[in-house]
Amino acid sequence: MQHSSLLILDFGSQVTKLIARRVREHGVYCEIWPYNNCSPEDLQKFNPEGIILSGGPCSVTDEGSPRAPDFVFDLGLPILGICYGQQTMMAQLGGVVEAGHHCEYGRADIEITKNTALFGTTWTEGSTPTVWMSHGDRVTNIPDGFDIVATSKGAPCAIIANEDKKFYGIQFHPEVMHTQNGSEIIRNFVRDICGCSGDWTMASYKDEAIQAIRDKVGAEKVICGLSGGVDSSVAAVLIHEAIGDQLTCIYVDTGMMRKGESDQVVGLFRDHYNIPLIHEDASDLFLGKLASVDDPEKKRKIIGGTFIDVFDDCAKRIGGADWLAQGTLYPDVIESVSFDGGPSVTIKSHHNVGGLPEKMDLKILEPLRELFKDEVRDLGRALGLHDDFVARHPFPGPGLAVRCPGEITRDKLDILREADAVYLDAIREEGLYNEIWQAFAVLLPVRTVGVMGDGRTYDYACALRAVTSVDGMTADFYPFEMDFLSRVATRIINEVKGINRVTYDITSKPPGTIEWE
């Protein structure tokens, strides 16, 4: 697929993916490569129209700290260095970066001292936009050919520009939503300075992806594991558009789905789209293997391993499959490659069909591997999936298992399912569903004393969770009105047998995670 494109070289920033999302929001296809995995041959093949150097956790002043490949500065391409990207650009082109000066973290005001093409009409000389800073080092001297076009209290070279070479460096993070007009600054760079055409749309991607699937698969058979989530569902509908009944979907019902979700999935694919579907109810098997297990990592591994065994058994019944389709997204691809080649920190195991290809000796088909989550939703809409389906909140692979800390039983899952359904129903009635990134109930592994009528109860407590987020990397709790929380708590206690106490989780991510396990 030949599109106007841009390359992002990653130096390990936690928000590098946000740069890519901002670029794509302006219709420009981009990829993220580790800074040390960029050869002239690969770059020539990719043929970007500009390069962005990301931020990173290192100090340019440290011996052995990361550097951009020197040849990128000789390509004649526009370059934008962000935070560490600005600093390594300066260090490599003859400027000076110093440590130990005034640090800036969080919001800061910069003063625009000179107009530049990077600003377009967004900022003008004399304006003082608020930006998001996160740095301890700073540029103190710039090479010949560069001008200082903005300063801040902690960064005398907050923005620098070499208009002749179209090299720009900014100390702050325009990709972060807290930076005023940050997305517009990125748009000015990729569209106006780099000249990218903005031809990256999900409508064009759909047609190209369908043809690519046909070319790759030919007359062979494909099986796809449906989790019930948006990613695997969109992948399945896209593949079916391409090859029709050469695709068979397998839906393994673990017994840990939300209320009515299995019926919805089966109805959508078997009845509405008429896609060949095997619905395997393996809930007894999963719950039996999870009996008396309370360690969250063990639960995830049991679920993942059991899923592979059940899926493999279903595939053998189909017979003759050559391809395994997966709903892999671009963030999964990025996270599989560390920016410095070192090991990544594992927060928790992820449940997907990662062990299936080796076990089943199948070729892999990943039609969504170039897309971010919001792009998958847009693709789903382009394929005709109803917004009520594609706009659903994210749901973890292990399902309700990670929302039921401690031992899992069928009775506890039934209680949790009912509480979760009441909670989401109340959110929809209030018109808040689309304002929230993810909302769900958690059944706590404790019982509490309560009073209902004239009797004493000893039932479970549940926690409600709702967060706002851009991409799930960071999140804040949703600030419900207390009146709403009171009404929801009353409904849950009155309508869900087995719960007599409701709490609301106000932990942000970090330090917490969005899910409880």
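Asn47 is exposed, with a relative accessible area of 53%; here buried means under 20% relative accessible area, exposed over 50%, and partly exposed in between (1.4 Å probe, protein chains only). Although Asn47 is not a glycine, its phi is positive, at about 60°. Asn47 sits in the loop between helix H2 (40-46) and strand E3 (51-53). Helices (H or I, at least four residues) and strands (E, at least two) are DSSP runs, numbered from the N terminus.

A word on the model itself. This is a predicted model, where local features need pLDDT of at least 70, side-chain atom pairs count only at pLDDT 80 or more, and totals for chains, interfaces and linings use all residues. Residues are numbered from 1 along each chain as its sequence is written, and side-chain values use heavy atoms, with hydrogens and water left out.

Another positive phi turns up at Lys166, a residue other than glycine, with a value near 60°. Lys166 counts as partly exposed, at 37% relative accessibility. Its place is the loop between strand E10 (159-162) and strand E11 (167-170). These two strands form a hairpin with four residues between them, and Lys166 is in the turn. E10 and E11 pair in the antiparallel sense over four bridges (two strands pair if DSSP finds at least two bridges between them). Asn162, for instance, has Phe167 of E11 as its bridge partner.

What about the other neighbour of E10? Strand E9 (residues 147-152) is joined to E10 by three bridges, and the two run antiparallel.

Next comes a sheet with parallel pairing. It is an open sheet of five strands, in the order E14-E13-E12-E15-E16. Strand E14 (277-281) and strand E16 (363-365) stand at the edges with a single partner strand each, so one side of each has no neighbour in the sheet. From one strand to the next, the twist averages 25°. Strand E15 (residues 323-325) runs parallel to E16, and three bridges join them. Trp323 has Lys363 as its bridge partner in E16.

Helices pack on this sheet too. Helix H5 (residues 202-217) lies across strand E12 (222-226), E15 and E16, and runs at about 170° to E16. Axes are lines fitted to C-alpha atoms, for helices over the stretch in contact, and angles run from 0 to 180 degrees between N-to-C directions. Helix H7 (residues 261-272) touches E12, strand E13 (247-253) and E14, with its direction making about 165° with that of E14. Contact here means heavy atoms within 4.5 Å.

Helices pack on each other as well. Two packed helices are described by the angle between their axes and the distance between the axes. For helix H1 (residues 16-25) and helix H4 (residues 182-193), the axes come within 9 Å and cross at roughly 65°. H1 and H4 are therefore roughly perpendicular to each other (angles under 35 degrees count as roughly parallel, over 145 as roughly antiparallel, 65 to 115 as roughly perpendicular and the rest as oblique). The crossing of H1 past H4 is right-handed; a crossing is left-handed if the near helix is turned anticlockwise from the far one by less than a right angle, and right-handed if clockwise. Arg22, Val23 and Glu25 of H1 make the contact with Ser183, Ile186 and Val190 of H4. By class, these residues are three nonpolar, one polar and two charged; Ala, Val, Leu, Ile, Met, Phe, Trp, Tyr, Cys and Pro count as nonpolar, Asp, Glu, Lys and Arg as charged, and the others, Gly among them, as polar.

Helix H8 (residues 283-290) and helix H9 (residues 296-318) pack at an angle of about 145°, with their axes 10 Å apart. H8 passes H9 in a right-handed crossing. On the H8 side, the contact is made by Leu285, Phe286, Lys289 and Leu290, and residues of H9 in it include Ile302, Ile303 and Phe307. The contact of H8 with H9 has seven nonpolar, one polar and three charged residues.

Finally, there are cis peptide bonds. The bond from Lys509 to Pro510 is cis, with omega near -15°, and a cis bond with omega of about 15° joins Pro510 and Pro511. Pro510 is found in the segment after strand E20 (499-504).
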